[in-house]
Amino acid sequence: MLQKSIEDALNKQIRIEAESSQVYLSMACWAEIHGFEGIARFMYLQSDEERMHMLKLIKYVNERGGHAQITELKMPKTTFTAFQEMFEELYKHELFVSQSINELVHITFESKDYATHNFLQWYVAEQIEEEAQAKNILDKINMIGDDKGGLYLFDRDILQITAKNAAVKQT
């Protein structure tokens, strides 16, 4: 059985994961209409992944005797001045999600809810990957600068990375 405080904290994280999916989806739309096929596909897949993170939390809350709550979401940013700005926003968002997960882990530890603490370790590891990926992409973008040829190659590269990651997740 989940303690009410843990259930509330998990429900907050469910909303954050849903909003994360929306953030990526909004970025995918922006990239797609600006001709960034690779970036758009990457963002669509990331949106799906964030939704799966949300669903995993929902299932956990419900299986542990709680009641997962689906709430209203904050509208994500829909326009960007450049793709660099979009990826800077993405990196900041991943840092925010990591902070939220860490706070949730801390709450479970203080409450001696070791089952939930253990369950959340997957999210901790996942956020390490998400932050590293976002930082790596942002570093590449900063190296490209204003070089349009570099941007074209970057979009192709991220398309290949996305295809490779999708293949790995299917196995």
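Helices here are DSSP runs of H or I with at least four residues, strands are runs of E with at least two, and both are numbered from the N terminus. The model is predicted: local features need pLDDT of at least 70, side-chain atom pairs count only at pLDDT 80 or more, and totals for chains, interfaces and linings use all residues. Residues are numbered from 1 along each chain as its sequence is written, and side-chain values use heavy atoms, with hydrogens and water left out.

**Exercise 1. Compare the reach of α1, α2 and α3 with the expected span.**

Solution. 
- Step 1. Get the rule. The expected span is 1.5 Å times one less than the number of residues.
- Step 2. Take α1. Its 30 residues reach 44 Å from first C-alpha to last, close to the expected 44 Å.
- Step 3. Take α2. Its 27 residues reach 39 Å, close to the expected 39 Å.
- Step 4. Take α3 (residues 83–110). Its 28 residues reach 41 Å, close to the expected 40 Å.

**Exercise 2. Decide how α2 lies against α1 and against α3.**

Solution. 
- Step 1. Set up the axes. They are lines fitted to C-alpha atoms, for helices over the stretch in contact, and angles run from 0 to 180 degrees between N-to-C directions.
- Step 2. Learn the classes. Under 35 degrees is roughly parallel, over 145 roughly antiparallel, 65 to 115 roughly perpendicular, and the rest oblique.
- Step 3. Take α1 and α2. Their axes come within 8 Å and cross at roughly 165°. The two helices are therefore roughly antiparallel.
- Step 4. Take α2 and α3. They pack at about 20°, with axes 13 Å apart. These two are therefore roughly parallel.
- Step 5. A crossing is left-handed if the near helix is turned anticlockwise from the far one by less than a right angle, and right-handed if clockwise. The crossing of α1 and α2 is left-handed. The crossing of α2 and α3 is left-handed.

**Exercise 3. Is lysine 112 buried or exposed, and what is its phi?**

Solution. 
- Step 1. Lysine 112 is in the loop between α3 and α4 (114–144).
- Step 2. Use the cut-offs: buried is under 20% relative accessible area, exposed over 50%, partly exposed in between (1.4 Å probe, protein chains only).
- Step 3. Classify. Lysine 112 is exposed, because its relative accessible area is 61%.
- Step 4. Read phi. It is near 60°, a positive value in a residue other than glycine.
- Step 5. Most residues other than glycine have a negative phi.

**Exercise 4. Which residue comes 40 residues away from glutamine 13 and 9.7 Å from it, C-alpha to C-alpha?**

Solution. 
- Step 1. Classify glutamine 13. It is buried, because its relative accessibility is 1%.
- Step 2. Name the partner. Histidine 53 is 40 residues apart from glutamine 13 in sequence and 9.7 Å apart in space.
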